[in-house]
Structures are given as C-alpha cells and as structure tokens.
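Here are some notes from a read through the model you sent over.

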Amino acid sequence: MKRFWKDFAQGDSWVKGSCLVMGLGCIKRGQIVKGLMYLAAEVLFFLFFFGFGWKYLSHLLTLGENAQLKVWNEDLQIYQRVPGDNSMLILLFSVLTVAVTVIFICLWVINLKSASHLYQLEKAGKEIPSLRQDASSLLNDRFHITLLSAPMTTLILFTVLPIIFMILIAFTNFDANHQPPGNLFTWTGMQNVTDIFLGNETKTRTFMGILGWTIVWAIFATFTNYIFGMILAIIINNKLVRLKKMWRTWFMIPIAIPQFVSLLLISRALEPPGAINVALMKLGWIKTPLPFLTDVTLSRIVVIVINMWIGIPYTMMTFSGVLMNVPEELYESASIDGAGPIRRFMSITLPYMIFVTAPATITTFVGNINNFNVIYLLTAGGPASLDYYQAGKTDLLVTWLYKLTVDQHDYALASTIGIFIFMIVSVCSLTVYNRTGAVKKEDMFQ
Amino acid sequence: MKKLFAVLLAVILCCTAFAAFADDITLKVWDGQDDQELLKELCEAYAAAHPENNYTFQYGVVGTADASARYLEDPAAAADVFVYPDDQLIRLAMADALYEVTRNHDEIVAANSQGSVNAATYKGTLLGYPMTADNGYFLFYDKSVLTEEDVKTLDGILAAAEKAGKQFNFDVANGWYLASFFLGNGCTITLDEDGKQVCDFNNEKGLEAAKAVAALCAHPAFLPGDQNILTGTIGDTVCAGVCGTWVADAIKERLGDNYAAAKLPTFTVNGEQVQMGSFGGCKILGVNTQSAYPIEAMNLAEFLTSEESQLRRFEVRGYGPSNINAAKSEAIASDPALSALAAQSDYAVTQLIIGDFWTPATAFGNALIADPTVDIQPLLDQWVAQTIGQ
Amino acid sequence: MKKHTNMRKLRTSICLHTLLTVLSILWMLPVFWLLISSFRKEPGAYTPYLWPKAFTFDNYTRLFTDTRLFNFPRWFMNTLFVAVCCCVITTILTLMVAYVYSRLRFKSRKAIMNICLILGMFPGFMSMIAIYHFMKAIGLDQTLLALILVYSGGAALNYYIAKGFFDTIPKSLDEAATLDGASRHTIFWKIILPNSKPIVVNTAINAFIAPWVDFIFVSVIMKDNYNNYTVAKGLYTMVDKANIYQYYTVFCAGSVVVAVPIVLLFIRLQKYYVAGVTGGATKG
C-alpha cells in the first residue's frame with residue numbers, strides 16, 4: 001500500500017490524470033487498447049450509477065418514503081393509484097449498486113497501479129509490454145484470472161448478492177403486512193433476532209425444537225446411509241456374488257426417478273388407507289392402520305428409513321468405487337504377517353475406506369442438515385404441532401424457513417433463521433474440512 | 001413534496017387519458033389450467049363486443065389456490081384481471097392489490113347473491129367481481145347405502161355406514177372442514193373492528209363441538225383423509241364424505257346413478273341435534289392495482305362475471321353462479337351438488353381469517369385422530385392462542 | 001476338508017444372493033408401483049385395492065397427444081434444451097474452478113476456496129426472489145435462458161470433488177509439458193482434461209439431471225408462463241388439487257418418461273460415475 005502511494009506520488013501528470021480519466025496513463029505509454037478499455041469501464045460505470053443506481057441508493061437509509069396512494073378520479077369513477085416507492089427494489093438494487101461501485105473502485109486502483117507501473121518502466125528505459133504479451137500472460141502466469149472470471153461473475157451475481165440481500169432482509173420488517181409495492185417496509189434493527197430468542201416464547205421453542213431435531217436427523221440420516229451403504233457394497237463386491245453389475249443397476253434405478261415423484265408416491269402410500277397399510281392389513285400383520293405420518297416418533301423413523309432408500313444407493317456406489325481400488329500394496333504387506341480375511345478387513349480395508357470417504361461424509365452431513373426434498377415431499381414437516389409456530393415435528397430448519405417464505409410471506413423471520421442455519425453449518429464444516437487429511441495433504445500426490 | 005405529488009398525478013392522468021384513446025390494449029388474465037379454454041372463449045367474445053379497441057390477451061395459468069401467492073411474488077408482472085378465492089381477499093387487500101369496485105357498483109351488488117358480495121367485501125369496500133358461489137363444501141353420498149333420512153344426521157350416516165360395512169370420510173386434519181363443528185355449535189372466528197383476529201373455539205361451546213369431533217374420530221365407520229381418499233374410495237369402501245364441487249365430476253363418475261349430495265348433517269351435542277356450519281366460498285375476479293389499463297380491466301372483469309358468462313361457465317365447467325338470475329336457471333337448480341351447496345349456504349359464514357389458524361388446526365385434528373380420548377381443553381387453548389397471535 | 005470349504009462357500013453364496021434379492025425387491029417396489037400406476041386405467045390418486053382392475057396405454061398417449069391443458073412434449077423439449085446447455089456450461093465452469101484451486105497458486109486462494117465452500121451451504125431458494133428481480137431488470141425473466149443461468153450460476157461452488165480428482169493427477173505431467181513450452185492454458189485443455197474422464201462425466205451427469213428434477217427454482221423464474229415450464233414443474237401442476245383426480249395416472253406416466261433417459265444414462269456411465277463420486281481419492 002505504502003509503495004503504491006509512493007509510486008503514485010512520483011508519477012507524472014499522466015499518472016495523476018488517471019485518477020480522473022481512467023486509462024490516461026496507459027494510452028500515453030502506448031497501451032492504447034487497454035487504456036480505452038479502462039476509459040470505457042469508467043464511462044459505463046457513471047452511466048450505470050447516475051442513470052440507474054442512484055435513484056435506488058438514495059433511498060437506502062429509509063427504504064422508501066412514499067407509500068402507494070389512492071386518489072379518487074371523478075372522470076373515471078375509480079380510486080386511481082399513485083405508485084409509491086418499492087422498498088424491495090430499493091434494497092435489492094442498492095445492494096447491486098454498492099457491489100458495482102466496489103468493483104469499480106478496485107478497477108480504479110488497478111488502473112492507477114498500472115499507470116504508475118508503466119511510468120516506472122518508461123523511466124527505467126524498459127520495454128512496455130504489448131497487448132499481445134498481456135493477453136498471453138492471461139493464459140499462463142495469470143491464468144487463474146482468466147479461468148475464474150466467468151464463474152466468479154455468475155457466482156457474485158446469482159449467489160453472493162442475493163445472499164447479502166437476504167441477510168439485510170433479516171434486519172427489516174418485510175412480511176405479509178409490509179408487502180411491496182402496496183406497502184413499504186423499513187429497517188427494524190435486531191428486532192427479528194430478539195423476537196426469536198427473547199420476545200416470543202412459541203418462536204423460541206419452535207426454533208430450539210427444530211434445531212434439535214435437525215441435528216438428530218442429520219446424524220441418523222448420514223450414518224444409517226453410511227453404514228448400510230458400506231455393508232451393501234461389501235456384499236456386492238464379495239467374490240462369491242455373481243452379476244455384480246446387475247445388482248448395482250437394480251439399486252441405481254430408484255435414484256434415477258425424480259425425488260418429487262418417488263417421494264410423493266411413497267407419502268401417499270404411507271397414509272392410513274394407503275398402499276402400505278392396506279398391504280400390511282391384508283397380510284394380517286396389523287389390525288388398524290399405522291399412523292406413519294401423524295405420530296411423532298413413527299413419522300421421524302419413517303423419514304429416516306425412507307431417506308435410507310434414497311441415500312444408500314449413492315453410498316453403495318461410492319464404497320464400490322473405493323473397494324475396487326484398495327491399493328494392493330496394503331494387502332501384500334498384511335498377508336506377509338499371515339492375517340486372516342476378517343482381520344485383513346478390519347485392519348486394512350475398513351480404515352482405508354473410512355479415510356478415503358471422510359470428505360464425502362462431511363458433505364453428506366451438511367447436505368442432510370439442508371435436506372429439503374426428503375422432508376418436504378414426504379411429510380411436509382408434519383405432524384403439525386400445537387407447540388410450534390407454523391411447523392411440525394419432522395420439520396428441519398430449512399423446511400420451516402421455506403414454509404415461512406412461501407406460505408406465510410414472512411421473509412424477515414425466514415431470513416433471520418436462514419442466517420442462523422448458515423452460521424451453524426458454515427462454522428461446523430469449515431472447521432472439519434480444514435482438519436481432514438484430504439485437505440491437509442492436498443499436495444501429497446502431486 | 002406536494003408539488004411533486006401534483007406532477008405525478010398529472011402524469012398519471014395523462015397516461016390514462018392516452019390509454020383511453022389508444023387502440024392497442026394488452027390485458028393479462030389468470031385462471032386455472034382447465035379453465036383456460038373457456039377463458040379464451042369469453043375473452044374473445046369480449047373483444048368482439050368491443051371493436052373500438054384492439055385487444056390482445058395474454059393468458060396465464062395460475063389456479064385460484066395460488067393466486068395470491070403468485071400475485072405477491074411480483075405484482076407488477078401479475079395479471080390485470082385474476083381469479084382468487086374469497087379466503088385470499090384479506091391478504092390481497094392488505095397488500096393493496098385490488099381495485100375497489102366503484103364503476104357500476106350498485107348494479108353488481110344487486111346482481112349477485114348477498115353471500116358472494118359479502119365474501120368480496122373487506123372493511124365495507126367491495127374489492128372484486130363475484131364470479132362463482134360454489135367454493136364451499138357439503139356432503140356427497142352413495143344413494144344405494146344411505147337414505148335421505150340417514151344423511152340428515154351424522155349419527156344416522158355413521159350407523160348406516162357401519163351396518164353396511166362401509167365408512168364415512170371427513171378431513172378432520174384440515175381446519176377448513178374441521179371448523180364446521182365449531183361454527184355449527186355457535187362459535188365464531190372473525191375480525192374485530194381494528195382488523196384483529198378473534199376466535200372463541202376454546203369456550204364451552206367449542207369444547208362441546210370438539211367432543212363431537214372426538215366422538216366421530218373414535219367411531220369405527222370413520223375414515224380420515226383428504227379429497228384423494230374420498231375420490232378413490234367412494235362407492236367402494238366409503239359411502240359418504242364431505243368435499244366441494246371440484247370433486248363432483250370424479251364422484252359422479254364413480255357413483256353413477258347412486259350419486260347424491262346434501263347439505264352437511266347435524267351432529268349431537270348433549271343429546272340435541274345441531275346443524276353443522278361451514279365456510280361459504282366464492283371465487284372472485286380482481287383487478288390488479290398495478291394494471292396499466294384499469295378501466296378496460298374492470299370492464300373485462302364485469303363482462304366475465306356477467307349473467308351470460310356465469311351461465312356459460314356452468315354449462316362448460318359446472319361452476320355454480322353467484323349471479324342471482326343465473327342461479328335461478330333450471331339446470332342449476334336441478335344440479336345435485338349445487339343445490340346441496342345452496343341448502344348449506346344458509347348455515348355458511350364468510351371466512352375472515354388472517355391469523356395462524358390452519359397449521360394448528362391440522363395439529364389439533366391429528367391429535368384427535370391419534371387419540372380421541374385426549375384432554376381436549378388445553379389443545380383448544382393452544383390452537384386459539386396461536387390463531388389470535390398470542 | 002476341501003469339500004467342507006466348498007459347502008460353506010455355497011451356503012454363504014446362497015445367503016448373500018437371497019439377501020440381495022430381497023433388498024433389491026424392496027428398492028424396486030416404489031418403482032414398480034410407479035410403473036403399474038402409470039398403466040392403471042382407473043383415474044384418481046388413490047385406490048383402496050393394490051392391483052389395478054384394468055390396464056391401459058392411454059396415459060402415455062394422452063401425455064403426448066392431449067396437449068391442450070398440459071403441453072408435455074413442449075415441456076420435455078424445454079427441459080432437454082436447458083439440461084444440455086446447463087450440462088455444457090456447468091461442466092466447463094466447474095472444471096475451470098477446480099483446476100485453478102488444484103494447480104494454480106495465488107494470493108487469497110485459500111480464502112476464496114473457503115468462501116465458496118460456505119456460500120454453497122446457504123439455502124438456495126432464499127436467494128430466488130433476488131435472482132428473479134435481477135433477471136427482470138435485464139429483461140430475462142420467464143425465459144429459458146434465465147433458467148440456464150440460474151442452474152449453472154452456482155457452478156463455482158461445486159468444485160470440491162473435481163478438485164480432489166485433479167489433485168491426484170501427477171504434477172510431473174504438468175512440469176514436463178511446461179518444459180516443452182506449453183502454457184497453462186494448453187496444459188488444462190491438452191493434459192488435465194483428457195486425464196479426467198470420470199470427473200467430467202460425473203459433473204456432466206449431475207448438471208444434466210438437475211433441470212429434470214427441480215420444481216422450486218423453475219416456479220419462481222417462470223411464474224405464469226407455462227409455455228416455458230420444464231417437465232418437473234409441469235408434472236407438479238398435474239397433481240394440483242384441481243387436476244389430481246383426472247391426471248394422476250398421466251403424471252405417473254410422465255414421470256416414467258422422465259426417468260427412463262436418466263436410468264439409461266446411469267447404467268451406461270456407471271463406471272465413470274462410481275469413479276467420480278469417490279473424487280479420485282481412490283487413486284491414492
């Protein structure tokens with residue numbers, strides 16, 4: 001930073017002029033195209049900022065002052081509407097404008113840097129890199145910039161900005177009663193957070209209850225799949241089993257059916273007069289239908305079991321892949337010691353499988369915390385509970401959040417919960433990821 | 001500030017003035033998937049009747065159940081004219097989504113049944129054009145199993161069903177149907193003058209009603225489950241069930257000549273028979289406040305809900321009209337489902353619910369299905385507390 | 001002694017095969033149920049008996065010929081178009097990102113990796129409102145292009161498995177190529193990609209399948225424009241309260257039509273898929 005200022009202060013008037021007219025320094029030193037690109041970026045930015053961004057940004061502090069008005073129109077005999085400010089668009093496009101401004105400032109600094117750099121080069125009598133040289137460096141030394149630019153642009157536009165927007169929503173009162181464009185919403189500070197944890201007993205109870213079940217669910221859903229998937233893979237890969245490929249295919253067909261179809265079918269079959277109950281009664285195993293979807297414990301067991309139906313094929317395939325690739329050296333060293341098949345498995349195959357699949361397991365665990373499909377399509381969070389606020393006993397945080405957004409239009413509360421999920425999940429997984437062997441030893445095989 | 005306001009107003013007036021002279025008018029209209037063809041037919045008829053403007057219609061597939069949700073996602077992109085059920089009226093009104101019916105107000109009120117006008121009114125203002133009056137519920141039954149006498153009382157239905165080895169389906173886990181016991185026994189759920197939710201389902205009357213629900217749940221001939229269960233089983237293992245006109249075709253197909261419908265039965269409270277209440281339902285055409293052509297949109301809405309359009313809608317889709325003259329037509333009076341609905345309408349109330357009523361209602365219903373002997377009062381208290389937002 | 005071992009082997013083998021048969025029947029039951037429902041003649045979402053009274057092929061013919069209300073063929077083509085585009089774009093973007101993290105070393109690499117990791121954990125549908133309005137601002141709302149952008153926009157977040165795979169490709173290959181004067185650009189296209197078939201296939205399959213099964217994002221983006229629906233959203237409207245009785249069996253038929261290509265893909269590319277899932281870690 002210091003060096004940057006020093007270089008800049010030493011620069012000639014072209015360098016300093018680049019402050020106002022971007023690209024001036026480049027144009028002077030012969031990098032005409034690059035300079036013009038800087039200039040074009042500047043012009044575009046100001047057009048964007050004053051033509052579009054400012055009319056939203058200027059209202060950011062209040063999120064709009066003028067509500068939609070009704071005015072009686074005698075000629076037409078109607079209450080004409082005078083459009084007011086749209087709080088949501090103000091917030092959304094303010095976020096966009098700020099982001100574009102930040103990027104522009106970065107570009108501006110880069111422009112100054114390159115201007116002073118070129119000045120230094122000229123002063124030292126060195127050659128100024130041509131456009132061709134710049135371009136080829138983008139394919140080599142600075143290849144990461146070329147490769148990352150497209151994915152990062154879409155990432156910022158479709159993931160980062162929307163997330164910032166949703167986080168900001170948590171500090172407003174955007175709900176069913178404050179729906180733009182008919183109404184305005186505004187900043188309410190930490191109101192939603194205190195509401196969940198201090199203000200509203202039902203909401204606190206709901207949050208804590210659902211959080212608890214979410215964790216229990218994630219643990220069960222992950223490890224049942226892990227253990228049974230492993231066993232299944234071991235069975236299929238046993239030397240005595242014929243037609244290995246056919247067996248694997250059988251188990252893979254169910255996962256090719258879209259989950260919203262298979263789970264809808266299963267949830268219908270689980271209803272009191274549904275196929276499963278009918279079949280069980282015909283077999284004479286039960287007399288009255290089992291309340292699969294209305295009993296708390298039973299419905300929780302049901303979602304875990306059905307999740308095994310969905311998840312085991314995936315883990316089976318993973319483990320099949322691992323089993324087929326256990327390095328021979330490991331066995332060779334073990335058979336010298338005269339180990340039997342069971343000991344061989346326990347001391348070589350198993351530890352190796354656990355080691356290799358560790359990263360995938362963490363991903364699955366995180367995926368299960370946010371496992372929307374299985375819960376929403378199977379039980380829709382039910383059985384609904386009178387203890388909870390708009391939630392049922394199999395609801396995960398993520399399905400509760402979805403219901404609050406889509407059914408209740410309670411965006412502010414949903415965003416607040418979203419932030420909490422986000423914090424819990426990201427802290428857990430960052431710690432674990434960065435401690436697993438796979439990450440630490442990423443350079444091991446290279 | 002005032003000046004800015006005046007300028008804005010002037011601009012808008014100019015715009016509408018121009019719009020009035022303009023030839024090309026594009027209107028977007030929403031209706032459900034299977035109503036699209038009729039909608040197109042009627043809109044084209046409207047365009048033909050108004051050659052002074054050049055109409056282009058855009059048709060969006062948004063069923064009534066999703067209307068308010070779709071509308072609120074992006075009001076500016078929503079239809080100019082859209083169908084919504086009366087239970088979404090308050091949510092839409094709070095979002096200032098609907099134009100007041102001010103043009104031809106008196107004629108519209110006079111032409112439509114009182115119940116449908118009430119259903120389209122919020123805080124004394126008519127916020128839409130009543131289109132159908134058939135969105136309520138009533139009893140479907142199998143004539144070969146139950147007599148007209150049996151279906152008058154719940155006990156009669158259950159007794160006859162049990163005797164025939166059949167079942168009676170009622171969706172206890174849905175607050176909309178569940179409320180009929182409470183409404184019938186004199187409980188209310190409504191809004192007070194400040195627009196806040198009031199509900200007294202947990203008083204003595206409510207407890208009596210809930211006990212009747214528990215008794216129903218404990219009966220061997222009772223089958224819980226939603227409309228899919230009813231349409232899948234009626235005529236087979238089930239001989240009667242409560243639902244609305246939208247399943248009438250399916251049930252007619254299954255029962256054939258044994259198809260019959262009636263108002264809801266009475267149920268027993270302390271040895272006396274009490275008539276079950278219900279929520280009367282209407283479908284209403286609303287005009288979007290974000291519309292660029294409000295006058296044309298209103299005219300179209302009026303046309304789509306006129307007597308002729310409502311009759312045509314009954315002919316093609318079997319929807320019960322809200323228009324008084326249309327409802328008098330012979331074909332409609334002889335339709336079993338619509339006449340059952342008309343009989344029930346004397347006991348139906350307008351649905352005025354903004355609180356969190358539905359999810360706890362489901363929880364309450366499920367609790368009774370799971371265990372009819374459960375201690376009811378605390379459950380009722382929790383339900384009401386959530387509904388009125390305590 | 002030997003005979004004894006053979007007998008034991010035979011018994012184990014029979015046990016294992018019986019177990020596998022039972023399990024695969026359990027797994028195939030819902031699939032089978034879907035199939036018979038799609039051929040069921042009686043309409044409705046529910047029947048009190050298990051085996052249909054009559055079978056028909058009508059549900060399939062209705063799906064493709066009765067397009068007045070549900071334009072399944074059009075939705076199918078929409079989905080195919082979106083899926084192919086997504087498949088190409090997502091695969092390229094993901095592999096680019098994974099390559100960068102695996103091979104190139106630059107300032108703030110670790111930080112960007114961690115940020116990408118946690119961004120992927122934010123519930124996606126929360127951001128849909130914002131994305132819809134961005135799309136609207138640039139005039140892309142309710143278009144297939146918007147859908148493609150949404151599905152492939154988050155590609156940079158799913159680098160993890162592909163990066164693990166690239167990590168196992170020996171660096172000596174790169175070094176040899178660099179000595180021969182190849183740029184990083186050339187190395188990526190000429191050396192890394194040809195050696196990564198499993199991971200390319202794996203990423204591509206996942207990207208291809210996503211548009212067929214998502215019904216949430218497509219509702220937010222398309223809203224009332226049902227000509228641009230994908231099959232998932234279209235099928236989902238068939239089981240609406242108003243349509244379910246008439247269209248349930250057609251819905252099942254549609255689901256089968258959607259599932260068949262995916263099943264074939266899975267079977268055909270099983271080998272690569274398995275290698276891909278394990279992220280090349282097996283090569284260690």
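1. Does B:C282 count as buried or exposed? B:C282 comes out as buried, at 5% relative accessibility (buried is under 20% relative accessible area, exposed over 50%, partly exposed in between, with a 1.4 Å probe and protein chains only).

2. A word on ground rules. This is a predicted model, where local features need pLDDT of at least 70, side-chain atom pairs count only at pLDDT 80 or more, and totals for chains, interfaces and linings use all residues. Residues are numbered from 1 along each chain as its sequence is written, chains are lettered from A and ligands numbered from 1 in the order in which they are written, and side-chain values use heavy atoms, with hydrogens and water left out.

3. Back to the cysteines. Over all chains, there are zero disulfides (a disulfide being a pair of cysteine sulfur atoms within 2.5 Å). A:C106 is in none, with the nearest cysteine sulfur, that of A:C19, 15 Å away; A:C106 is partly exposed, at 43% relative accessible area. B:C282 is in no disulfide either, and its nearest cysteine sulfur belongs to B:C243, 17 Å away.

4. Now the A–C interface. Chain A puts 99 residues into the contact and chain C puts in 98 (contact means heavy atoms within 4.5 Å). The buried area is about 8,800 Å², with carbon and sulfur atoms giving 80% of that (this is the accessible area, 1.4 Å probe, that two parts lose on being put together, summed over both).

5. A:S426 is a residue to look at here. It lies in helix α18 (residues 411-435) of chain A (helices are DSSP runs of H or I, at least four residues, numbered from the N terminus). A:S426 is buried, at 8% relative accessible area, and touches C:I118 and C:M121, leaving out residues up to four places away in sequence.

6. Finally, C:Y245, which sits in helix α13 (residues 244-268) of chain C. C:Y245 is buried, at 9% relative accessibility. Beyond its neighbours within four places in sequence, C:Y245 is in contact with B:T231, B:A250, B:E253, B:R254, C:P43 and C:G44.

Terms used:
Helices (H or I, at least four residues) and strands (E, at least two) are DSSP runs, numbered from the N terminus.
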